[in-house]
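Student: I would like to learn how to read a structure that is new to me. Could you take me through it feature by feature?

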Amino acid sequence: MSNTPIELKGSSFTLSVVHLHDANPEVIRQALEDKIAQAPAFLRHAPVVVNIGALADVAQWQPLAQAITATGLRIMGVSGCKDPALKTEIDRAGIPLLTEGKEKTARPAPVPEPAPEPEPTVTPVTKTRLIDTPVRSGQRIYAPNCDLIVTGHVSAGAELIADGNIHIYGMMRGRALAGASGDKEAQIFCSHLTAELVSIAGTYWLSDNIPADYYGKAVRLRLSDAALTIEPLN
């Protein structure tokens, strides 16, 4: 138990603030009566602070105070008073003069910037897969993370796929898909091109798209400005 008869502690209380916009006591009394009738359980005999900052001219405090207390409200303090003489009158009436803190405006939550879309991951090519036998129709050969070299013929209906470059030294009649993991620097080298489809990093030509001047010839295909290009293989 404390040895002192009193103990002083900080605390906080929520009080309603009555903002007056008219200096006529009877108008104020009637307006308060109407407001209390709307929520009697909440407002009847409630402690309030009276803000008179919006009143341009208040001749006397006592008539206003009587109009307010006549409704049953308990005046705990007065705020917004700027007139020195009126401050003195309120102080003599035993009512504290209060200074209200500025209302804080909640800052809107920051909008997160949309996360940039990740760049497609290009898997580095580290080795080469070598196929020394002909590739038959229906066969699919995949060279992950590396180049693919085929020394024999590739039949129609066969498919060659590589994350890197593709080299075909025989007759090429099937499908060749280089840069399958997104490597736009991949190329296709072919000694005799009559392919059903050629593709680099998803950009493709069907057989009908292959220029007639290069059909059946030794060629080199690569991407330039996101478009397939073809040139003689010297």
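Student: Let me begin with a helix: which residues of helix α3 are buried?

Tutor: Two notes on the source come before the answer. This is a predicted model, in which local features need pLDDT of at least 70 and side-chain atom pairs count only at pLDDT 80 or more, while totals for chains, interfaces and linings use all residues. Residues are numbered from 1 along each chain as its sequence is written, and side-chain values use heavy atoms, with hydrogens and water left out. Helices (H or I, at least four residues) and strands (E, at least two) are DSSP runs, numbered from the N terminus, and a residue is called buried under 20% relative accessible area, exposed over 50%, and partly exposed in between (1.4 Å probe, protein chains only). In helix α3, which spans residues 62–69, the buried residues are Leu64, Ala65, Ala67 and Ile68.

Student: What do the buried residues of α3 pack against?

Tutor: Contact means heavy atoms within 4.5 Å, and the buried residues of α3 pack against α1 (25–38), β2 (47–51) and β3 (74–79).

Student: How should I read the sheet formed by β1, β2, β3 and β4?

Tutor: In general, strands of a sheet pair through backbone hydrogen bonds, either parallel or antiparallel. Two strands count as paired if DSSP finds at least two bridges between them. In this case 4 strands form an open sheet in the order β1-β2-β3-β4, with parallel pairing. The edges are held by β1 (16–19) and β4 (97–98), each with a single partner strand, so one side of each is left without a neighbour in the sheet. Between β3 and β4, which run parallel, there are 2 bridges, and serine 79 stands opposite leucine 98 in β4.

Student: Which residues of β6 lie on its covered face, and which on its uncovered one?

Tutor: As a general idea, in a regular strand the side chains alternate between the two faces of the sheet. In β6, Ile141 and Ala143 make up the covered face, whereas Arg140 and Tyr142 make up the uncovered one. Strand β6 runs parallel to β8 and is joined to it by 4 bridges, with tyrosine 142 standing opposite isoleucine 161 in β8.

Student: How many salt bridges does the structure hold?

Tutor: Side chains of opposite charge can pair when their charged atoms come close. A salt bridge is defined as a side-chain nitrogen of Lys or Arg within 4 Å of a carboxyl oxygen of Asp or Glu, and the structure holds 7 of them. One of them joins glutamate 159 to arginine 140 at 2.6 Å, N to O. This pair links distant parts of the chain, with glutamate 159 in strand β8 (residues 159–162) and arginine 140 in strand β6 (residues 140–143), 19 residues apart. Glutamate 159 is buried, at a relative accessible area of 10%, while arginine 140 is exposed, at 62%.

Student: Where does arginine 175 lie, and what does its pairing with glutamate 196 tie together?

Tutor: The side chains of arginine 175 and glutamate 196 meet in a salt bridge of 3.2 Å, N to O. Arginine 175 lies in strand β10 and glutamate 196 in the loop between β11 (188–193) and β12 (197–200), so the pair ties together parts that are 21 residues apart in sequence. Through salt bridges that share partners, Arg140, Glu159, Arg175 and Glu196 are joined into one network.
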